[in-house]
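Please keep the sequence and the model in view while reading.

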Amino acid sequence: MLDADFFRRWMTATAASVDREADRLTALDSAIGDADHGSNMQRGFAAVRTTLADEAPDTPGAVLMLSGRQLISTVGGASGPLYGTLLRRTGKALGEAAEVGEEQLAEALRAGVQGVMKLGGAALGDKTMVDALLPAVEALGSGFGAAREAAEKGAKDTVPLLARKGRASYLGERSIGHQDPGATSSALLIAALAETAEG
Amino acid sequence: MSEEKLVGIVLVSHSAEVAASVAALAKGLAGGAEAVPVAPAGGTEGGGLGTSAELIAAAAATADRGAGVAVLTDLGSAVLTVKALLAEGDELPENTRLVDAPFLEGAVAAVVTAAAGADLDGVEAAAKEAYDYRKV
């Protein structure tokens, strides 16, 4: 079973991973966006790390709700409301249980990804974070490692795609040949989940 | 001066200058708009380009006179942040609505209509209609 501490460690591991990969995320974003994805995600997850330490929410749902709220407040780009909605919908779906099972988490994450798709209007193949998150959620039934692989593959598979949502969509055909920064950071989030589960 | 409460207008842009200038322009073009609460929410709290949930929530609170608040946005994260705040339920005043309209033309239409004492539905309809005014 997964408790609040597990979810705190997941968020902290994501913050550390975003710190490590910030330059890469910004480099990807400078090719097809406005070159702020790394710093935006870094600022958001640094705020998440601080607020989780200060407020110490005591259920898995509360950890994700608070983290999502913090991302909406602090990121300053589209990834704020998108990741914020992902975590808040997931947290809401987990309810007030003190511990949740892997199956429950998989189901809650699915609700979170659906929230992101509704908010941004993106579908699979639009070259967005959905391309990493949706395959990860599908694979989560086979374990955390499978979810990580699916997310990483999903992110890599955005390279040949034409962007249909977000700023990169203004580039049309010129968006082809670049890996999507949002799908890449989504793969980091899922990798941090797997890393936390592996201990 | 009517006793009627006027609909508030919030203008959310990636740029503080754009939000403030569009607010000034819309009020300037609308007769009798002095009474309309128009609140710009532009850029990040640090003064950079982007969207701030805090600035949006503060602007909505400022513009709220109890008759509803119409929020107009430019693009991308401005749209998504307002939608996410609305989904939160308690972040924005009751009866706050994201209005699907072109930013500048919609703002002018919204302020003119609000100044005439229209309700939130009327303000929303006028702002949306701005999409239909073709230029060529």
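## The contact between the chains

How many residues does the contact take from chain B, and how many from chain A? The contact takes 13 residues from chain B and 14 residues from chain A, two residues being in contact if their C-beta atoms, placed from the backbone, lie within 7 Å. This is a predicted model, in which local features need pLDDT of at least 70 and side-chain atom pairs count only at pLDDT 80 or more, while totals for chains, interfaces and linings use all residues. Residues are numbered from 1 along each chain as its sequence is written, and chains are lettered from A and ligands numbered from 1 in the order in which they are written.

On the side of chain B that touches chain A, helix 2 and helix 3 (77–88) of chain B each supply at least two residues, and the largest share, six residues, comes from helix 3 of chain B; helices (H or I, at least four residues) and strands (E, at least two) are DSSP runs, numbered from the N terminus. By class, that side of chain B has four nonpolar, seven polar and two charged residues, where Ala, Val, Leu, Ile, Met, Phe, Trp, Tyr, Cys and Pro count as nonpolar, Asp, Glu, Lys and Arg as charged, and the others, Gly among them, as polar.

## The sheet of chain B

In chain B, four strands form an open sheet in the order 2-1-3-4 with parallel pairing, two strands being paired if DSSP finds at least two bridges between them. Its edges are strand 2 (38–42) and strand 4 (96–98) of chain B, each of which pairs on one side only. Strand 1 (residues 8–13) of chain B is joined to strand 2 of chain B by five bridges, and B:Leu11 has B:Pro40 in strand 2 of chain B as its bridge partner.

Helix 2 (residues 53–63) of chain B packs on this sheet, touching strand 1, strand 2, strand 3 (69–73) and strand 4 of chain B, and its direction makes about 175° with that of strand 2 of chain B; axes are lines fitted to C-alpha atoms, for helices over the stretch in contact, and angles run from 0 to 180 degrees between N-to-C directions.

## Helix 1 of chain B

In helix 1 of chain B, B:Ala19, B:Val22, B:Ala23 and B:Ala26 are buried, whereas the face turned away from them carries the exposed residues B:Glu17, B:Ala24 and B:Gly28 (buried means 20 or more other C-beta atoms within 10 Å of a residue's own, exposed 12 or fewer, and partly exposed in between). The cover over the buried residues of helix 1 of chain B includes strand 1, strand 2 and helix 4 (103–115) of chain B.
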